[in-house]
2 protein chains.
Amino acid sequence: MPLYGAIEAGGTKFLCAVGADPARPEQLQRFDTAVNPLETIANVVAYFEKRGPVDALGVASFGPLDFERGAIARTPKLPWQDFPIRASLERALHVPVALETDVNAAALGEQACGAAQGCTDFVYVTVGTGIGGGAISGGRLIHGLMHPEMGHLPLRLHPGEPAGFRGQCPFHATCLEGLAAGPALHARWGSPAEELPPEHPAWTLEAFYLAQMCFSLACTLSPRKIILGGGVMAQAHLLPRIREELAALANGYLPLPEILTPASPAPALQGALALARSLVP
Amino acid sequence: MPLYGAIEAGGTKFLCAVGADPARPEQLQRFDTAVNPLETIANVVAYFEKRGPVDALGVASFGPLDFERGAIARTPKLPWQDFPIRASLERALHVPVALETDVNAAALGEQACGAAQGCTDFVYVTVGTGIGGGAISGGRLIHGLMHPEMGHLPLRLHPGEPAGFRGQCPFHATCLEGLAAGPALHARWGSPAEELPPEHPAWTLEAFYLAQMCFSLACTLSPRKIILGGGVMAQAHLLPRIREELAALANGYLPLPEILTPASPAPALQGALALARSLVP
């Protein structure tokens, strides 16, 4: 029975696991993301040499990614920019390595063993420090020019948007991420999302923006489910509010509020195991 | 060599053709769409009995469509609502019939013999009496809960939008279709699109809205091409303006303006032939 390796590669931490079944990542270990990528890779390689040998490795990485070169394309962490993460792991571990964005991997995890089992057409979105999504259509991930960049959808402003708030996205100011990711909540209201009580007007705006996102996703991708995860979605009162706003926005045109679904606890790591399994079934 | 039949089924006319090659629809004939669907079907059946026999038939239809039942789901033309167009043609002509939305068929036509040959990830959008789109990902049409409804994307209003203009969509007022389809231009400016000169402010707003649409499509679908067709796009000065607005909106984030591509002259009918060919290769 093959043993698979998984890495959830983030800007602040690398999470490693092994497992025979994507549903059960085991022996989890966390490494801080070092300034020098070679240092992080050395830690990761030592982990898999000790826990393995694994037959294949799946990597769910922060992005954007350049799939042709198997590299992180553009990041403010400059030593990581253009770092060939896929080839460096293949060479060090002598196993095939599959690389995906963290959100695409999370979509694969939801499909393999989470909220989208048996579902061939769905979207996974995480709302946290950033906003990003992965889409499965006809059972397969959507790729193209690069990968979806759902966090940068242009949005209509809520009339209650505080005067002077300019949005937090360095590229587009008031795109989805600039208006509704964790840092936007913090900048607009002066407190992090987890400290804003349910009755705070922050959540009216947040539900309005995330409902617009869901409606745009429905209009373009026609998903059977929209799975919502990430730190901001941990507020249990938020999902029902998004459903309400979405019903108002769709105005009966599409049967949408019922397709919103909460995410599983750790879909990206499970998706990384599923990616590894796709290489060595 | 098989002979294929094609129907482009619209709310005002049905266009029929036969052909052995999707690139060359032949013997085109037009029938007005009758109030009673049985009357239109009788005309169509007589056409194919005379021009055929065909081995398979592809239908590019106005929608929305209910694919499970092979029917037009909801239309103000009430006798057509829930009319089982696929089964009624199969029974009358004794050949397999494939049904798609007109815009999905147009996408297939662009893929088979138009602007998207060899492209596996692209979107086709028509901007005319309505706005609708079809998307191909990994070489295949995106379906899901139903089919994409790109015409209903929520949009940010242009600051130059005339006071009092409320948008023309009966469901969402100021969605994409409500702001940028032909009837919206006519209602806002008092003249149909084809009579508005290139220097009219109408086109500044139109380019702004269609650029937003293109950016939303890029963020969600990651297409390698966005193919733009339909009566409003017949204004040759419009595409370069959309490219300019899109460059401003994307702000360097994605290499987008160059992916905009003009549509072929009759992609839906070609796509209907390609659909028929997919049934009897």
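This is a predicted model: local features need pLDDT of at least 70, side-chain atom pairs count only at pLDDT 80 or more; totals for chains, interfaces and linings use all residues.
Chain A can be laid on chain B with an RMSD of 0.0 Å by a turn of 180° and a shift of 0.0 Å along the axis. This is the relation of a two-fold axis. Both copies use the same surface, in that 100% of the contact residues of chain A recur in chain B. Among the residues of chain A, A:R156 comes closest to the rotation axis, its C-alpha lying at 2.2 Å.

The interface joins 42 residues of chain A to 42 residues of chain B through contacts. About 3800 Å² of area is buried between chain A and chain B, and carbon and sulfur atoms give 56% of this area. On the side of chain A, the residues that lose the most area to chain B are A:L145, A:T220 and A:Y253, which together account for 20% of what that side buries.

One open sheet of chain A has 5 strands in the order 3-2-1-4-7, with mixed pairing. Its edges are formed by strand 3 (26-32) and strand 7 (97-101) of chain A; each has a single partner strand, so one side of each is left without a neighbour in the sheet. On average, and with direction ignored, neighbouring strands of this sheet are turned by 15° against each other. Strand 7 of chain A pairs with strand 4 (residues 56-61) of chain A in the parallel sense, over 5 bridges. Within this pairing of strands, A:L57 stands opposite A:V97 in strand 7 of chain A. Helix 3 (residues 102-113) of chain A packs on the sheet, where it touches strand 4 and strand 7 of chain A, and its direction makes about 105° with that of strand 7 of chain A.

The loop between helix 2 (85-93) and strand 7 of chain A contains A:P96. With a relative accessibility of 35%, A:P96 counts as partly exposed. When residues up to four places away in sequence are not counted, A:P96 touches A:D55, A:A56, A:L57, A:E90, A:L279 and A:V280. A:P96 and A:G58 are separated by 38 residues in sequence, and their C-alpha atoms are 8.6 Å apart in space.

A further open sheet of chain A, also with mixed pairing, has 5 strands in the order 10-9-8-11-12. Strand 10 (140-141) and strand 12 (260-262) of chain A are the edge strands, each pairing on one side only. Strand 8 (residues 122-127) and strand 9 (residues 131-137) of chain A pair in the antiparallel sense over 6 bridges, and A:T126 stands opposite A:G132 in strand 9 of chain A. Helix 3 of chain A lies across strand 8, strand 9, strand 10 and strand 11 (225-229) of chain A, running at about 50° to strand 9 of chain A.

The nonpolar core remains to be described. In soluble globular proteins, nonpolar side chains tend to be buried together. The largest nonpolar core of the model comprises 96 residues, of which A:M213, A:L228, A:I242, B:M213, B:L228 and B:I242 touch the most other members. Leaving aside neighbours within four places in sequence, B:I242 is in contact with B:A207, B:L210, B:A211, B:C214, B:L228, B:M233 and B:L260.

Note on methods: Residues are numbered from 1 along each chain as its sequence is written. Chains are lettered from A and ligands numbered from 1 in the order in which they are written. Side-chain values use heavy atoms; hydrogens and water are left out. A nonpolar core is a set of buried Ala, Val, Leu, Ile, Met, Phe, Trp, Tyr and Cys residues joined through side-chain atoms within 4.5 Å. Buried means under 20% relative accessible area, exposed over 50%, partly exposed in between (1.4 Å probe, protein chains only). Contact means heavy atoms within 4.5 Å. Copies are superposed by least squares on the C-alpha atoms of residues with pLDDT of at least 70 in both. Two strands pair if DSSP finds at least two bridges between them. Helices (H or I, at least four residues) and strands (E, at least two) are DSSP runs, numbered from the N terminus. Axes are lines fitted to C-alpha atoms, for helices over the stretch in contact, and angles run from 0 to 180 degrees between N-to-C directions. Buried area is the accessible area (1.4 Å probe) that two parts lose on being put together, summed over both.
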